[in-house]
Amino acid sequence: GKSTLTADLLVELAKRGPVARCYLGLGSGEIGNRIKRWPLVGPMIEARLADKARQTRTKGERIPGLATALVIYAFSLLRLHRFRRMLDLRRRGVTVVTDRYPQTVVPGFYDGPLLSAASAASRPVAWLAAREYKLYAWMAGHRPDLVIRLNVDVATASARKPDHEPEALRQKIAVTPLLSFAGAPIVELDSCSPYPEVREVALAAIDRTMRR
């Protein structure tokens, strides 16, 4: 899996110089899980928030309102903060391994702009959506030195992520080949292969990239 491979890569890269892991996701899933654990009202509140989030990221739907758009925009600003921290580490000569990476090809999910899938119900929401898209375009414009892509089939993904909707997993798997990451070199790995093989191919790709 992604977490296991990331941990192993950090150990190996640390032998060669300064290295850091940067999480570039939103972290909204963990926040939702925390809310769900609140006594009595937690599951109800989490379900309502999840429904609003689903509506926002679904093409053909309408963003629920300005309050929802502001919360989502705040999450995008948090991602921007993490991205700038990553760039600062890179400028200082630190090898950075990122978990996730912003993109603009697929809005609404998969680390794409969250306010660009559904339609805006008002001018303020439309303004926030345009601002957010520019943030993502700026981040996505920074080409990674190497992308290690773990490909997986729907059955395996569902077994590993039983809390995810199968249709959402199918959508992600379908659009994965469309993500080009500004033309970065991409190493395609089959996450269903034996892990030692996956790890070896990933490390070999990193060696080639660092030699260049």
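These legends accompany close-up views of a predicted model. Local features here need pLDDT of at least 70 and side-chain atom pairs count only at pLDDT 80 or more, while totals for chains, interfaces and linings use all residues. Residues are numbered from 1 along each chain as its sequence is written, and side-chain values use heavy atoms, with hydrogens and water left out.

View A. Helix H5 takes in residues 123-140; helices (H or I, at least four residues) and strands (E, at least two) are DSSP runs, numbered from the N terminus. Its 18 residues reach 26 Å from first C-alpha to last, close to the 26 Å expected at 1.5 Å a residue, where the expected span is 1.5 Å times one less than the number of residues. Which residues of H5 are buried? They are Val125, Leu128, Ala129, Glu132, Leu135, Tyr136, Met139 and Ala140. The buried residues of H5 pack against helix H4 (66-91), with contact meaning heavy atoms within 4.5 Å.

**View B. Aromatic rings around Phe83.** There are four aromatic pairs by the rule used here: rings of Phe, Tyr and Trp (its six-membered ring) pair if their centres lie within 6.5 Å, and planes under 30 degrees apart count as stacked, over 60 as edge-to-face and the rest as tilted. The ring centres of Phe83 and Tyr101 are 5.6 Å apart with planes at 65°, so this pair is edge-to-face. Phe83 lies in helix H4 and Tyr101 in the loop between strand S2 (95-99) and H5, so the pair ties together parts that are 18 residues apart in sequence. Phe83 is buried at a relative accessible area of 0%, and Tyr101 is buried at 11%. Phe83 also pairs with Trp138, with centres 5.9 Å apart and planes at 70°, so that pair is edge-to-face too. It links distant parts of the chain, H4 and H5, 55 residues apart. Ring pairs join Phe83, Tyr101, Trp138 and Phe181 into a cluster.

**View C. Charges over rings.** The charged end of Arg84 sits over the ring of Trp138, 5.8 Å from its centre. Lys172 has its charged end over the ring of Tyr110, 6.0 Å from the centre. The rule asks for NZ of Lys or CZ of Arg within 6 Å of the ring centre and within 35 degrees of the ring normal.

**View D. Salt bridges.** The structure holds 12 salt bridges, each a side-chain nitrogen of Lys or Arg within 4 Å of a carboxyl oxygen of Asp or Glu. Asp8 pairs with Arg199, their closest N and O atoms being 3.4 Å apart. This pair links helix H1 (residues 2-14) to helix H8 (residues 195-211), 191 residues apart. Lys15 and Glu12 meet at 3.2 Å, N to O; Lys15 is exposed at 61% relative accessibility, whereas Glu12 is buried at 18%. Asp8, Glu12, Lys15 and Arg199 are linked in a network of salt bridges.

Terms used: Buried < 20%, exposed > 50% of the residue type's maximum accessible area, 1.4 Å probe, protein only.
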